[in-house]
Amino acid sequence: MAAPKKIFVLGGDGFCGWPTSLHLSSLGHEVIIIDNFSRRRIDDELGVCSLTPIVSMKQRIDVWKSVSGSVLRFHEVDVANDYAELTQLLSAERPDVIVHFAEQRAAPYSMRGATEKRYTVNNNVGGTHNVLNALVECELDCHLVHLGTMGVYGYGGAGFEIPEGYLNVDITDRDGGRHEWEILYPTRPGSVYHLTKSIDQLLFQFYAQNDCLRITDLHQGIVWGTQTEETRRHPDLINRFDYDGEYGTVLNRFLVQAAIGHPLTVHGTGGQTRAFINIQDTVRCIALAIAHPPQRGQRVKILNQIAETLRVRDLAELVSEVTGARIEYRPNPRKEAAENDLEVSNATFRALGLDPITLHEGLLQETFEISSRFADRVDPRHIPARTAWSREERARLEEPDDKVVPFARGAAPGGAA
């Protein structure tokens, strides 16, 4: 193993940040969690809570020390608003690595209304720029590992395998001369959340070329699952599990719906193809990225952090086969193509030794077991996805429920291409 590093995990109380903090600590790194508990406050705002019971940060840290012997440190800092405190921490601690999860992560929440849109932009873009600017101000040669999203590529279907962040293009000038360029893969954000991640890319590009910051940007697919090897070590270490229409990722939502006898709600035709990755592979990929940093002066290292791609209706049928739940098709609140293909390269992580967990493996059953165990904590009022992307989608959502089309497992959905 490489020498232990001092690592800041920004957003280390969250869905990806907490299991990553434990995994990096288990590998022998010195981990310092930075968080402002915004995700817990948003739960209070929405009137919903994690399916799994989450204890206080102090209790989490105390339990981790008792089961592992390792110490996690914690500072409550809002990186988007507490710039002076952030720079003081960086100057005092001089971390080797910063893992940046400190962004509002839900596309539906970012589209709820003007307040949520402004919060998402101010928090995500402001926080990312504060981190970059603070690294320059503190003259800190620190590897920044950022959790981005596959959504920056858009979901229109490119007709070819999407590369890892960069695209080679040929430009013909007015005299007929040909010029080869390498550009960032053109972004097509589908929500304000995805828009902030697209802006992040430009911030990273600028600070890498202007100030020689070392940056890795991980374009991650939709995360499924809850537990990792480390979170299984004690009940108080369990990770959060979101099932609501704002924060619940599609597979976790399906499994909760199945556990309480609710139909699996597929929006639109279900022809949307998405990239997926298990939470256990998320933490492994973070560790691999930390172990293979770019050099000063190199371009931003962009890696696609996915295991596989699947259409939403195929995912629903997979869950239906496992659980016996029936499927319902409902209007899609998002403004997106009804059907799309998605081919994505994950060659770098494969080359680094990642053998990803797929949806057909046993961990799908484990996630369903967690859904069933805590089914009494589900508030069915929060299951539907109600946030509409535009006035037109909002009007369609308000149409009568007789437009909902239930169908048996294996049947073809009406209107699907």
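In what kind of crossing does α8 pass α10, right-handed or left-handed? In this predicted model, the crossing of α8 past α10 is right-handed. Two packed helices are described by the angle between their axes and the distance between the axes. For α8 and helix α10, which spans residues 312-323, the axes come within 10 Å and cross at roughly 35°. The meeting is made by V250, L251, F254, L255 and A258 on the α8 side, and by V312, L315, A316, V319 and T323 on the α10 side. An α-helix has 3.6 residues a turn, so residues three or four places apart point the same way.

A closer look at α8 shows how this helix sits in the fold. Helix α8 covers residues 250-259, and nine of its ten residues are buried, so the helix is largely enclosed by the rest of the structure. The buried set consists of V250, L251, N252, R253, F254, L255, V256, Q257 and A258. Among these, V250, L251, F254, L255 and A258 are the residues that meet α10. Just after α8 comes G261, with a positive phi of about 80°.

After the helix comes C212, whose phi is positive, near 60°. The buried residues of α7 are V192, Y193, H194, T196, K197, S198, D200, Q201, L203, F204, Y207 and A208. They pack against the helices α5 (107-110) and α6 (114-137), and against the strands β5 (143-149), β7 (178-184), β8 (214-220) and β12 (301-305).

Strand β8, one of these packing partners of α7, contains L218. With a relative accessibility of 0%, L218 counts as buried. Beyond its neighbours within four places in sequence, L218 is in contact with V145, H146, L147, G148, T149, I286, A289, L303, Q305 and F349.

An open sheet of three strands comes next, with the order β9-β11-β13 and mixed pairing. Strands β9 (222-224) and β13 (308-311) stand at its edges, each with a single partner strand, so one side of each has no neighbour in the sheet. From one strand to the next, the twist averages 45°. Strand β11, residues 273-278, runs antiparallel to β13 and is joined to it by four bridges. In this pairing, T273 stands opposite R311 of β13. Helix α9, residues 279-291, packs on the sheet and touches β9 and β11, its direction making about 75° with that of β11.

Which helix holds R60? R60 lies in helix α3, residues 57-68. Is R60 buried or exposed? With a relative accessible area of 1%, R60 is buried, because the cut-off for that term is under 20%. Setting aside neighbours within four places in sequence, R60 is in contact with D13, W18, R40, I54, V55, D236, L237, I238, N239 and R240.

Note on methods
Residues numbered from 1 in each chain as written. Predicted model: local features only at pLDDT ≥ 70, side-chain atom pairs only at ≥ 80, totals over all residues. Heavy atoms only, no water. Buried < 20%, exposed > 50% of the residue type's maximum accessible area, 1.4 Å probe, protein only. Helix = DSSP H or I, 4+ residues; strand = E, 2+ residues; numbered from the N terminus. Contact = heavy atoms within 4.5 Å. Pairing = 2+ DSSP bridges. Axes fitted to C-alpha atoms, helices over the stretch in contact; angles between N-to-C directions. Left-handed = near helix turned anticlockwise from the far one by under 90°.
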